[in-house]
Amino acid sequence: MNSIRKISEGHPSRSNNRTACYDYLVVGAGLFGAAFAQQARAAGRSVLVIDKRDHIGGNVYTEEVEGIQVHRYGAHIFHTNDSTVWAYVNRFAEFNRYTNSPVANYRGALYSLPFNMYTFNKLWGVTTPREAEAKIREQREAAGITEPKNLEEQAISLVGTDIYERLVKGYTEKQWGRPCSELPAFIIQRLPVRFTFDNNYFNARFQGIPVGGYTTLVENMLDGVEVRLGVDYLRHKAELDALADKVVYTGSVDAYFDYCYGPLSYRSVRFETEVLDMPNFQGNAVVNYTDRETPYTRIIEHKFFEFGTQPKTVISREYSSEWRPGMEPYYPVNDEKNSALYQRYKALADQEAKTVFGGRLGEYRYYDMDAVLRSALELAKTELGKEVVTS
C-alpha cells in the first residue's frame with residue numbers, strides 16, 4: 001500500500017502546521033481502527049491512521065515465514081453469526097473453510113474439544129449420549145454445589161469433576177495466573193458440552209481465515225487511507241490531536257489518562273516461535289496443554305490454518321503472564337475490582353469532547369473479532385450518519 005509509511009518516532013506530524021487537516025485521527029491500525037477508517041473514507045471524510053507498532057493489523061497481524069502465514073500474536077479464527085459483519089469482511093478478503101477443532105493434551109492423553117462424545121468416550125468409555133449425560137449428572141450431584149462461589153465450583157457444577165480436573169483446571173490456572181478457587185465464578189458462564197460427535201468448536205454460521213492472512217484483509221480495508229507507523233500517540237498527543245477535528249482512540253484507556261487512578265489489570269502472552277525442518281509437528285493447528293505442569297497453554301502450528309503442504313512448519317508456544325507496564329496487554333481482567341476501576345476511567349472518557357474510545361483496550365472488555373467490527377461499524381454509523389456503507 002502506497003499510503004502506509006513508516007516514519008521516525010521523532011517526527012509524527014506531516015509539518016509544523018498545527019491547523020487540523022483531517023476529519024479523523026484514528027489511533028491504532030487493528031480491526032477496530034481499520035474498519036472505522038474505511039467507513040470514514042467511504043463517506044468522504046479525510047482520515048489519518050497511526051500505530052505505535054511497525055505494522056498494521058494490531059494483534060491479528062500475520063507475516064509470511066517459509067511460505068506460511070504466521071499469526072504473530074496468537075491464533076485468530078474468524079467466526080460469527082452476524083451476516084452483516086460476514087458480508088463486510090468478505091468485501092476485503094476471500095475466506096477459506098477452516099473449522100476450529102482444537103485438541104487437548106492432558107499429560108500425554110489427547111481429547112477432543114469442545115467436550116463431545118469423542119471426549120466422553122476417551123474419559124469413561126461411554127458410547128451413547130445417554131450414558132455421557134448420566135455420568136456428568138452423577139458427578140454434578142455428588143459435588144452438591146448449589147450456589148458456586150468461585151470458578152472451580154462453577155465449572156464442576158456445569159461439567160462434573162473429571163472434565164474439570166483434566167480439561168479445565170490446569171489450562172485456566174495457567175491462563176489467569178491464579179488458582180481456580182480464587183477466580184470469580186462469573187468468568188465461566190457456560191462450558192461447551194455436546195452430546196454429539198461434532199468437533200467444530202464454534203457455534204457460528206460463518207467461520208474461516210482470510211486466504212493469504214489477516215494482514216492482507218486489513219491492508220485492503222485501509223486501501224487509500226493514509227497510515228503512519230512507528231508513531232507513539234501518547235508521547236506526541238498534543239501535536240497529533242491538532243492534526244484532526246476528532247480522535248478515535250483504540251489504545252489502553254488507563255494509559256490515555258496516565259494511569260491517574262492506577263493501572264487496570266491485564267493478562268499478557270509471550271510467544272516462542274520456531275521454524276522446524278519437518279512437514280508436520282502435531283497434526284493440528286491448535287493443541288491445548290491442560291495440565292498445570294506444562295508451562296505453556298498451547299502450541300499453534302500455523303500452516304494448518306490454510307491447509308498448508310510446505311516442506312517446513314512453524315510452531316508457536318504460548319505462555320500466559322501477568323501484565324506489567326511495558327508489556328503488551330492482551331486480555332482485560334474483568335473482575336469486580338477492575339470493573340469498578342474501569343468505570344472511573346470511563347467517566348473521564350465520557351467527558352472527552354474530541355476523543356471517542358473503542359475496541360478491546362479502549363473499552364476494557366474482551367471482544368471476539370466480529371464484535372470488534374460490529375462495534376466499529378456502529379460507531380461509524382453514529383459518527384457519519386446515513387453516508388455509511390456496511391455491505
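The legends below describe close-up views of a predicted model.

**View 1**
Seven strands form an open sheet in the order 8-7-13-14-15-12-16, and their pairing is mixed. The edges are taken by strand 8 (109-112) and strand 16 (331-332). Each of these two has a single partner strand, so one side of each is left without a neighbour in the sheet. Strands of a sheet pair through backbone hydrogen bonds, in either the parallel or the antiparallel sense. Both senses occur here: strand 7 (residues 103-106) and strand 13 run parallel, joined by three bridges, whereas strand 14 and strand 15 run antiparallel, joined by four bridges.

**View 1. Strand 15 and its two antiparallel partners.**
Strand 15 covers residues 313-322. Seven of its 10 residues are buried, so the strand is largely enclosed by the rest of the structure. Strand 12 (residues 266-276) runs antiparallel to strand 15 and is joined to it by 10 bridges. Arg267 stands opposite Glu322 of strand 15. Strand 14 is also antiparallel to strand 15, with four bridges between them. Here Ile299 has Arg317 of strand 15 as its bridge partner.

Arg298 belongs to strand 14 (residues 298-301). Is Arg298 buried or exposed? Its relative accessibility is 16%, which is under the 20% limit, so Arg298 counts as buried. Its side chain makes a polar contact of 3.0 Å with the side chain of Glu318. Beyond its neighbours within four places in sequence, Arg298 is in contact with Ser316, Arg317 and Glu318, and also with Val286, Val287, Asn288 and Tyr289. Ala75 and Tyr171 complete this list of contacts.

Asn284 lies in the loop that runs between strand 12 and strand 13 (286-289). Which backbone oxygen does the side chain of Asn284 reach at 2.9 Å? That oxygen belongs to Val286. A polar atom of the Asn284 side chain also lies 3.0 Å from the backbone oxygen of Ser101. When residues up to four places away in sequence are not counted, Asn284 touches Ser101, Pro102, Val103, Glu301 and Phe304.

**View 2. Leu373 and the largest nonpolar core.**
The largest nonpolar core holds 54 residues, of which Val49, Phe78, Leu222, Phe305 and Leu373 touch the most other members. At least two residues of this core come from each of strand 2 (22-27), helix 1 (31-42), strand 3 (47-51), helix 2 (83-89), helix 6 (214-221), strand 10 (226-229) and helix 11. Helix 11 gives the most, with eight residues. Another core, of 53 residues, lies apart from this one and has Leu123, Leu183, Ala349 and Phe357 among its members.
Leu373 sits in helix 11 (residues 369-384). With a relative accessibility of 0%, Leu373 counts as buried. Its contacts, leaving aside neighbours within four places in sequence, are Leu31, Ala35, Phe78, Val85, Tyr88, Val89 and Met221. Leu373 and Phe36 are 337 residues apart in sequence, while their C-alpha atoms are 8.6 Å apart in space.

**View 3. Parallel pairing of strands 2, 11 and 17.**
Strand 2 runs parallel to strand 11 (residues 244-249), with five bridges joining the two. Strand 11 also pairs in the parallel sense with strand 17, over three bridges. Which residue of strand 11 is the bridge partner of Val26? The partner is Val248. Val248 in turn has Val356 of strand 17 as a bridge partner.

**View 4. The second largest pocket.**
The second largest pocket contains about 190 Å³ of space. Its lining consists of Tyr342, Lys346, Ala349, Asp350, Glu352, Thr355, Val356, Phe357, Gly362 and Glu363. Helix 9 (336-350) and strand 17 (355-357) are the elements that give two or more residues to this lining. Which element supplies the largest share of the lining? Helix 9 does, with four residues. Val356, one of the lining residues, is also the strand 17 bridge partner of Val248.

Key
Residues numbered from 1 in each chain as written. Predicted model: local features only at pLDDT ≥ 70, side-chain atom pairs only at ≥ 80, totals over all residues. Heavy atoms only, no water. Buried < 20%, exposed > 50% of the residue type's maximum accessible area, 1.4 Å probe, protein only. Polar contact = N/O pair within 3.5 Å; in protein donor to acceptor, adjacent residues only side chain to side chain. Contact = heavy atoms within 4.5 Å. Pairing = 2+ DSSP bridges. Core = buried A, V, L, I, M, F, W, Y, C linked by side-chain atoms within 4.5 Å. 1 Å grid on protein atoms, 1.4 Å probe; cavity = no way out; pocket = protein on both sides within 12 Å on 5 of 7 lines; lining within 4 Å. Points joined across faces, edges and corners; volume = space filled by probe spheres on them.
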